Amino acid sequence: MSTHFILSRRKAILGALGGAGLGLMAGLPRSSLAASGARPTSRLNASEALNSLMAGNARYVANQPNALSYVPGRAALTTGQSPFAIILSCADSRITPEFAFDQRPGDLFVTRVAGNYVTVDSLATIEYGVEFLGASLIMVLGHTSCGALSAAVEVARNATVLPGSLPKLVAQVLPAVERVKAEKGMLPPAEMAAASIIENVRENVERLRTAAPLLSHYAERGEINVVGGLYHLGTGQVEIIGV
Ligand SMILES: [Zn+2]
């Protein structure tokens with residue numbers, strides 16, 4: 001695979017209406033995806049990106065968001081996108097990452113699933129954001145009172161059988177509950193859920209940091225960082241979760 005070919009394909013993808021080019025990735029050989037050194041330059045490095053997120057969160061918490069005019073930015077974004085951060089968020093309707101971090105369209109590349117855990121699809125989405133859009137920071141964003149983790153605690157405590165496809169979702173976050181149980185014993189439900197929410201964030205941060213071949217490569221070189229966050233429903237504050 002020649003470098004020229006790789007860059008040509010990359011250029012074609014980047015030019016294809018930003019994120020709409022995602023479909024083209026299906027035909028890309030793996031060798032062209034693996035760390036060719038031609039990743040787009042990050043708009044902000046990982047440290048600057050985290051500072052920007054947290055400064056935005058402080059504005060949101062203080063109810064002092066930046067003034068926003070959608071029209072000028074919309075025109076500029078028709079030619080492409082360069083989000084500086086990727087957020088893997090819970091689907092919970094009470095959390096809106098763009099509001100919580102006071103960011104504009106084009107700033108955040110967001111993928112969401114109840115329980116904010118890594119799926120095959122969300123991993124690919126995140127890889128796209130890193131490799132082709134140049135984002136330097138990934139945040140796994142959990143939140144207090146998460147229904148997905150509460151359900152997993154209920155399953156762990158009472159062997160409750162959930163309907164439909166929900167058992168498959170719960171199975172993905174259950175390891176966090178089991179780990180808390182192994183370390184601290186079976187806590188009361190609310191405490192168990194609170195500890196499991198944090199453990200689940202930590203586990204998924206680690207999963208992304210070590211996801212080969214792309215994310216692990218860039219994380220090892222310090223080109224990207226993966227952090228955990230806990231959104232507090234009552235205050236809107238995002239607390240950084242250490243791993
Ligand atoms: Zn949730």
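The model is predicted. The chain comprises 10 helices and 5 strands, and 37% of its 243 residues count as buried. Among contacts in the chain with a separation of 6 or more, 71% are between residues 24 or more positions apart.

**Sheet layout**

- The 5 strands make up an open sheet with mixed pairing, in the order E2-E1-E3-E4-E5.
- The edges are taken by strand E2 (108–112) and strand E5 (238–241); each has a single partner strand, so one side of each lacks a neighbour in the sheet.
- From one strand to the next, the twist averages 30°.

**Strand pairing**

- Strand E1 (residues 85–89) is paired with E2 in the parallel sense, over 5 bridges. Within this pair, Ile86 has Phe109 in E2 as its bridge partner.
- E1 also pairs with E3 in the parallel sense, again over 5 bridges. Here Ser89 is bridged to Leu141 of E3.
- E3 and strand E4 (residues 225–231) run parallel and are joined by 7 bridges. His143 has Tyr231 as its bridge partner in E4.

- Helix H6 lies across E1, E2 and E3, and runs at about 165° to E1.
- H9 also packs on the sheet, where it touches E1, E3, E4 and E5; its direction makes about 165° with that of E4.
- H6 covers residues 120–131; at 1.5 Å a residue, its 12 residues should span 16 Å, which agrees with the 16 Å between its end C-alpha atoms.
- The buried residues of H6 include Ile126, Tyr128, Gly129, Val130 and Glu131.

**Packing of H8 and H9**

- Two packed helices are described by the angle between their axes and the distance between the axes.
- For helix H8 (residues 166–184) and helix H9 (residues 189–209), the angle is about 120° and the axes are 8 Å apart.
- The crossing of H8 past H9 is right-handed.
- On the H8 side the contact is made by Val173, Pro175, Ala176, Val177, Arg179, Val180 and Lys184. These meet Met192, Ala195, Ser196, Glu199, Asn200 and Glu203 of H9.
- Sorted by class, this contact has 7 nonpolar, 2 polar and 4 charged residues.

**Arg104**

- Arg104 sits in the loop between helix H5 (97–100) and E2.
- Arg104 counts as partly exposed because it has 15 C-beta neighbours inside 10 Å, whereas a buried residue needs 20 or more and an exposed one has 12 or fewer.
- Leaving aside residues up to four places away in sequence, Arg104 touches Leu68 and Gly73.
- Ser69 is 35 residues from Arg104 along the chain, and the C-alpha atoms of the two are separated by 9.3 Å.

Methods: Residues are numbered from 1 along each chain as its sequence is written. This is a predicted model: local features need pLDDT of at least 70, side-chain atom pairs count only at pLDDT 80 or more; totals for chains, interfaces and linings use all residues. Two strands pair if DSSP finds at least two bridges between them. Helices (H or I, at least four residues) and strands (E, at least two) are DSSP runs, numbered from the N terminus. Two residues are in contact if their C-beta atoms, placed from the backbone, lie within 7 Å. Axes are lines fitted to C-alpha atoms, for helices over the stretch in contact, and angles run from 0 to 180 degrees between N-to-C directions. A crossing is left-handed if the near helix is turned anticlockwise from the far one by less than a right angle, and right-handed if clockwise. Ala, Val, Leu, Ile, Met, Phe, Trp, Tyr, Cys and Pro count as nonpolar, Asp, Glu, Lys and Arg as charged, and the others, Gly among them, as polar. The expected span of a helix is 1.5 Å times one less than its number of residues.
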